[in-house]
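The entries follow in the order I looked things up.

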Amino acid sequence: MNYLLSAIHLAAFEGNIQELARVLRKGDESPDGFCFDSSTNLRVTPLHVAADGEAVRVLLAAGARLEDGERGWTPLHQAAREGRLEAA
């Protein structure tokens, strides 16, 4: 996939908690902001790509919603599908 990741998506994907906290403090990006995959138009939130449980906890504390997803495909579905058990 060819995700065009925003700063918050990239920090969540990498599990970079310091950068994730910095982006959230700065307030330029929402923890529920969507990212569009240029090849599939798949909408994903930072929770969809979060690398680990700590990134998930930071996003949830900032107000990210678990139920967000494209056509019912939630961040929990994505984590389970990819075997990211800590994130799930």
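Is Gly 33 buried, partly exposed or exposed? I looked up the relative accessible area of Gly 33 in this predicted model and got 22%. Buried would require a value under 20% and exposed a value over 50%, so Gly 33 counts as partly exposed.

**Entry: surroundings of Gly 33**

I placed Gly 33 in the loop between H2 and strand S1, which covers 35-36. Leaving out residues up to four places away in sequence, I found that Gly 33 touches His 9, Val 44, Thr 45 and Pro 46. I also took two C-alpha separations. From Gly 33 to Arg 43 I got 9.4 Å, for a spacing of 10 residues along the chain.

**Entry: Arg 43**

I then checked Arg 43 itself, which lies in strand S2, residues 43-44. Its relative accessibility is 29%, so I noted Arg 43 as partly exposed.

**Entry: overall layout**

I stepped back to the whole chain. I counted five helices and two strands, and the order along the sequence reads α-α-β-β-α-α-α. The chain has 88 residues, of which 36% count as buried. I also looked at how far apart in sequence the contacting residues are. Taking contacts between residues at least 6 apart in sequence, I found that 58% join residues at least 24 apart.

**Entry: H1 against H2**

Two packed helices are described by the angle between their axes and the distance between the axes. I looked up both for H1 and H2: the angle is about 155 degrees and the axes are 8 Å apart. An angle over 145 degrees counts as roughly antiparallel, so H1 and H2 are roughly antiparallel to each other. I recorded the crossing of H1 and H2 as left-handed. On the H1 side the contact residues are Ala 7, Ile 8, Ala 11 and Ala 12, and they meet Glu 19, Leu 20, Val 23 and Leu 24 of H2. Sorted by class, this contact of H1 with H2 has seven nonpolar residues, no polar ones and one charged.

**Entry: H2 against H4**

The crossing of H2 and H4 is right-handed. H2 contributes Ile 17, Leu 20 and Leu 24 to the contact, while H4 contributes Glu 54, Ala 55, Val 58 and Leu 59. By class I have six nonpolar, no polar and one charged residues for the contact of H2 with H4.

**Entry: the largest nonpolar core**

Which residues touch the most other members of the largest nonpolar core? I found Ile 8, Ala 12, Leu 20, Leu 24, Leu 47, Ala 50 and Leu 59, in a core of 15 residues. Two or more residues of this core come from each of H1 (7-14), H2, H3 (46-49) and H4. H4 gives the largest share, four residues.

Not counting residues up to four places away in sequence, Leu 24 touches Ile 8, Glu 29, Pro 31, Val 58 and Ala 62.

**Entry: Thr 74**

Where does Thr 74 sit? I placed Thr 74 in the loop between H4 and helix H5, which spans 75-81. With a relative accessibility of 15%, Thr 74 counts as buried, because the cut-off for buried is under 20%. I also checked Thr 74 against His 48: they are 26 residues apart in sequence, and their C-alpha atoms are 7.2 Å apart in space.

Definitions and conventions
Residues are numbered from 1 along each chain as its sequence is written. This is a predicted model: local features need pLDDT of at least 70, side-chain atom pairs count only at pLDDT 80 or more; totals for chains, interfaces and linings use all residues. Side-chain values use heavy atoms; hydrogens and water are left out. A crossing is left-handed if the near helix is turned anticlockwise from the far one by less than a right angle, and right-handed if clockwise. Contact means heavy atoms within 4.5 Å. Ala, Val, Leu, Ile, Met, Phe, Trp, Tyr, Cys and Pro count as nonpolar, Asp, Glu, Lys and Arg as charged, and the others, Gly among them, as polar. A nonpolar core is a set of buried Ala, Val, Leu, Ile, Met, Phe, Trp, Tyr and Cys residues joined through side-chain atoms within 4.5 Å. Buried means under 20% relative accessible area, exposed over 50%, partly exposed in between (1.4 Å probe, protein chains only). Axes are lines fitted to C-alpha atoms, for helices over the stretch in contact, and angles run from 0 to 180 degrees between N-to-C directions. Angles under 35 degrees count as roughly parallel, over 145 as roughly antiparallel, 65 to 115 as roughly perpendicular and the rest as oblique.
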